[in-house]
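Take a walk through this structure, one piece at a time. Keep the sequence and the 3D view side by side.

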Amino acid sequence: MNTTATSRSAFPGPSQSHNQPQPGGNGSVDPAATNNNVKAGAGDSYFVDAKKGEVNELRTLLRTFSLEKTLTRKREIIKKVIAYMTLGIDVSRLLPDMLLVIETRDLVIKKMVYLYLCTYASTSEEVAIMCINTLMKDCSNDDPMVRGLALRSLTSLRLKSVVEYVMEPLRKSLDDANAYVRKTAVLGVLKLHDLSHPVTTFLPRLTELLDDSDPAVVSNCISVLNELNADTGGMEVTRDVMLKLLNRLGTFNEFGLAEVLNLLCRYTPTDKNETFQIMNLLDPVLRTSNSGSVLAVIKSFLHLTNTMEELRPMVYERVKPPILTLIAGGGPEQIYVLLKHVKYLCEANPGMFDNEYRQLYVRYNEPTSIKYLKLSILPKLASADTAVDIITELCEYVSENDIRMAKLAIEAIAKVATERACQGTTAGGIGEIVTGKLVELCSLDGGPVSSAAACALKDVLRAHPNSRFSVAPVLGRCLKLGGEEKGKASLVWMIGEFGDIVIEAPYVLEKLVDSWDENEELVKLSLLTACVKLFFKRPPEMQAILGRLLTHATNDVSSQDLHDRALLYYRLLKAGPEKAEKVVNGGEQVIEPSKGFAEDDEEATIKALREEFNTLSIVYGSKSAHFIGEQYRLGSANSVAEITDAFANTSVAPIQPDVTAAPTQPTPEPPQSNDDAYADLLGFADSPPTPPSASVPAAAPQTSAMNLNKSFAIDGGKFQGMWQSLPEASSSMSAMSKNYTVGEIDGLLTGVGILTMASGEMDAEFKFFLYAQDVDTGSVYLLQLVIDKMCEPRVCSLSIKTDTGGEGAEVVAKMLGGVLGNAGM
Amino acid sequence: MITSLFILSLGGEVLIERHLRPSSSGRTAADFFWAQCQSGSENNVNSTSSENYKNIPPILQMGSTYIISSFRDSLIFLCTTATEHPPLLCIEFLHRLASTFSDYFGTPVDDELIKENFSTVYMLLEEMNDYGNPLTTEPNALQSMIIPPTVLGKIQQVISGTNNVKESLPDGTVSNMPWRRAGVKYAQNEIYVDLVEEIDAIVDVNGQVISSDINGSIQCQSKLSGVPDLTLTFRDPDVIDDCSFHPCIRYNRYDNEKVISFVPPDGNFELMRYRVKNMSRVITPPIFCTPQLSFGGEGDGKRGEGRISVLVGLKTVSSLIFPNQKGPMILEDVVVTVTFPRVVRTANLTANAGSVLYDEATKIAKWRIPKIGGQKNVQLTGSMVVKGHRPEECPPIQLEWKIPMASVSGLSVSGLSVVNEAYKPYKGVRTITKSGKFTVRCS
């Protein structure tokens, strides 16, 4: 470049000398500067520290502006002003001088002055009004680019006082012959609206522009109309408009495409035929390279098949390859968001990505945000066939340098074991493998990894109680290694829980009791429960220890909870060991293979999120109502209604005292931003490993019997239909006091008016489908009762569906419990 | 829609900020993001604090504002939104911004280049986004509005005295084809098509492939005058499982006839990406790497010492297919990156081929071998000084390599024809296979 310049200068001519870069001076930071110039460091002059008085110098320079003969020199002056502005130096004082400069034919200078004006107009309203004339004049310039630029600047001034002047040019620009001006004008309407200026006069024209020949004008129009009508949930979607837009789908760019598809999500086709036609039209768009558009198509598919459950499997099948292609080729940011969607889809449609589990293995040099996310997805992909592979891979990550990664990997290993697909008799081996690995990690060194393994082990054992025999022998040794608070607490809890097979249990606990003050709070709490439980199992060995413990604990002023719980146990024991045992060991902790942990059950959230696919909601795994500011919500009226509905439903859902974990409703607070990837994993494992049975059953709820219609009848088909459509109103688990046969249960229930639709006995369980009708209100309750035969005492789980809400269901549940003599029902 | 845009340097300096909506929260978002970058290090001992921006989740919450970040080359792109705007659209927009900058200023775009060209940057931002809505995003359309500062353009400017903004709005793009510039003229008409296939793999210490994945892309460079209509046909299109297309491709013709029919944009672009069928079968990569690390124990009196040996070579039997093989297969541009465990104090490394660079601060050794043929394996050997016991962790080795004229899928171009224009362009088609994320475990 320099050589060109030198050789050129041998032939001085007016045009050359004007445009030639000034070596090292202020000439070469022209936007057209080449890399060569950059290397010469010529451009640095703009970003040197501003010294006092430099703004004044600029003003002097600006006053010489009209004297400057060459365009380049003129541009340099303005560019200096802009450079100062971007550095955050206040150059607003130059406004009057800048206004003089605006009368130019040069586009570059115009652009720069416009930029300046938009930045500073608000600081000096009076002066800014002076420039309106020029801008308005430019709005009718011959050059469409100037018209567009002037209009954009005019509408960007954000000054209420000038709004009146803007109306006329804006109206004209909406009819402009050039698409560039029209698409600028469309956005201008929105800018006026946001200055709370009425724009209703433009609405008819905007609606017309939905038919514009230029797709960019149309897509801008859609987004503006959506925002103008935000109160009613966006622009009105008619069949006419929708079909027109869909027919020219191919002409939109990726961002416009997304706009149209979002609109489609508010449109309901008239019949099935139309739905299929639209879906066929959208199908090719799945091949777009823009991930945002592809997900918008998927969202449309989910929306269109909302009422056609039978088509949904096909939709999932169809959308899987494009997602995988995008993940394979995307940048880390895209991968992150796409994986969030994969995670959601795995929950909504279990098994969808199971075969791709190897693609989700963690790569060493990936960002940790993606690594952690993958760890939360991998367990969901585990099936009886792949679980061993996945566990082996997860174990690789445990040895990673990153402690958090190691902990998450351990949690993921535990999750594999508690995953629905990996439970039950067919996959019994997985529980053993996982326990084996965890025991190995647990007895490692007493570091954070061991502690995490101990916490995980506790969860796994609740799902795979048979593995306790391989765990019991090492518990004492692991506890001696020490470790983090949570880990130790988990170990203590397990020792108490499996005290009958941990031979050295009393001695291990005794040591802790005698060094009471050295323990952390969580450990103390666990110790309390563990000792009480162990007392019921091995009273002679424990009696003395328990006595000492209760003295310690009731005298401990460090924790109110501890103090109260110790007192509770003390009083229970005083009431009689048998009664105390019944309370403390009341519920079973075994996780039903079909149910998983209660907090993992997010049926309602999954359903709700389907409508919010491809938004931040998926990223946060929570409905937008929980984290998006109200004024910013994509205010679709029905979604708000849904949210209130969802709350109404969850709030009446009974919280059973013996259900081990938190109720199933989604957490109302948004997860902390940087924890979002692990929010799910932290769920249970983070809460203190307080044995659920230790909590006191809440005061027995009011039992008001219901008068059930004993002659009520319902046929199989109707039952099935209602079963699928009704919301679940109550679900609970409890232990049964007697081991009835199918016939006995049938008889007992018919006696109170709970009638049997179907019943059956399987290898591991009895299953009943029941129904009942309230004579007084006429409301119908459908019940499913599953009794696990394998447990001792038997555990029954009951779910009730009705459309009248949870209270009635509660009463029915209570009646059923009363008849069967269940504890805690 | 987007409320604010920021471009940050890797040092956290705000280079460009643009508030698109009155509801923008100002510079707080950028400050918040940077504070997160600074504080995120305690959990991750692997990364130094300067690299934390890589590990920050791409979407951050700050009150009711969401900060979406994207990291490219050596710049951080941030945008904020307060609505449920599809986050992927924001990310795609940021990526488009980044790739536009590299088109204009050359790669890699760094803070210096942005500072040099700040006025072009602002002009681009102005055209690409108005009031939070993406406006003109096609590179070709932008180029016809704002001339990129190329060397050629600069010379042209000097000679003709024109500036870098077109005096009038160009006819812009060919109608219905926003991606193609109108009035393109070349003296020499050329089109280059590169089939690039990348192998991602995790290989264990015994050479067993644990996970492998292939993704292909077709990169084009088009220098064709007028409005040429191209048709690209494959010899075996069935190996493609799924693909994503540049908007210029006619989707329906691919679905019906499995041919790629398109009017190309002008310049460099990615025509398509594809995934290969049958990926459940594990592929055999054309390279092997056997790392051996040993650490002295208490017993052998060599406590505090360690030895490393890495053998790398070409595998003659692999999943690679050579459509038109001439001469022997050669691995090119091989880079072996060894990250040493933290307990390693220092390492002394020698290689029988290529060059090794060991960085004491990061404990990373980069071994570059320009070419590996089939005859000879190359080896890196060395000793380490270890503090304390043998390490618990052993970070995996990263491999980079490429093999020209080879493909994994066997996909090859059988024809490329130009219609709609009279000239006969020069057509160049290449195939290349290279490493994607290729990891070899050491333990």
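How many Å separate the centres of domain 1 of chain B and domain 3 of chain B? Taken over C-alpha atoms, the separation is 37 Å. Chain B is divided into domain 1 (2-137), domain 2 (213-278 + 409-430) and domain 3 (287-404). These bounds come from an automatic or database domain assignment.

A word on the source. This is a predicted model, where local features need pLDDT of at least 70, side-chain atom pairs count only at pLDDT 80 or more, and totals for chains, interfaces and linings use all residues. Residues are numbered from 1 along each chain as its sequence is written, chains are lettered from A and ligands numbered from 1 in the order in which they are written, and side-chain values use heavy atoms, without hydrogens and water.

Look now at a sheet in chain B. It is open, has 5 strands in the order β2-β1-β5-β4-β3, and pairs in the antiparallel sense. Helices (H or I, at least four residues) and strands (E, at least two) are DSSP runs, numbered from the N terminus. Two strands pair if DSSP finds at least two bridges between them. In chain B, β2 (14-19) and β3 (59-62) stand at the edges; each has a single partner strand, so one side of each lacks a neighbour in the sheet. On average, neighbouring strands of this sheet are turned by 20° against each other, direction ignored. Helix α4 (residues 118-128) of chain B packs on the sheet and touches β1 (4-9) and β2 of chain B (contact: heavy atoms within 4.5 Å). The direction of α4 makes about 30° with that of β2(B). Such angles run from 0 to 180 degrees between N-to-C directions, with axes fitted to C-alpha atoms, for helices over the stretch in contact.

Move on to strand β12 (residues 229-234) of chain B. Of its 6 residues, 5 are buried (under 20% relative accessible area, with a 1.4 Å probe and protein chains only). Strand β24 (residues 413-419) of chain B runs antiparallel to β12(B), joined by 6 bridges. B:D229 pairs with B:V419 in β24(B) as its bridge partner. β12(B) also pairs in the antiparallel sense with strand β14 (residues 260-262) of chain B, over 3 bridges. Here, B:L232 has B:I260 as its bridge partner.

Finally, turn to chain A. In helix α9 (residues 144-155) of chain A, 12 of the 12 residues are buried, so α9(A) is largely enclosed by the rest of the structure.

Key:
Buried < 20%, exposed > 50% of the residue type's maximum accessible area, 1.4 Å probe, protein only.
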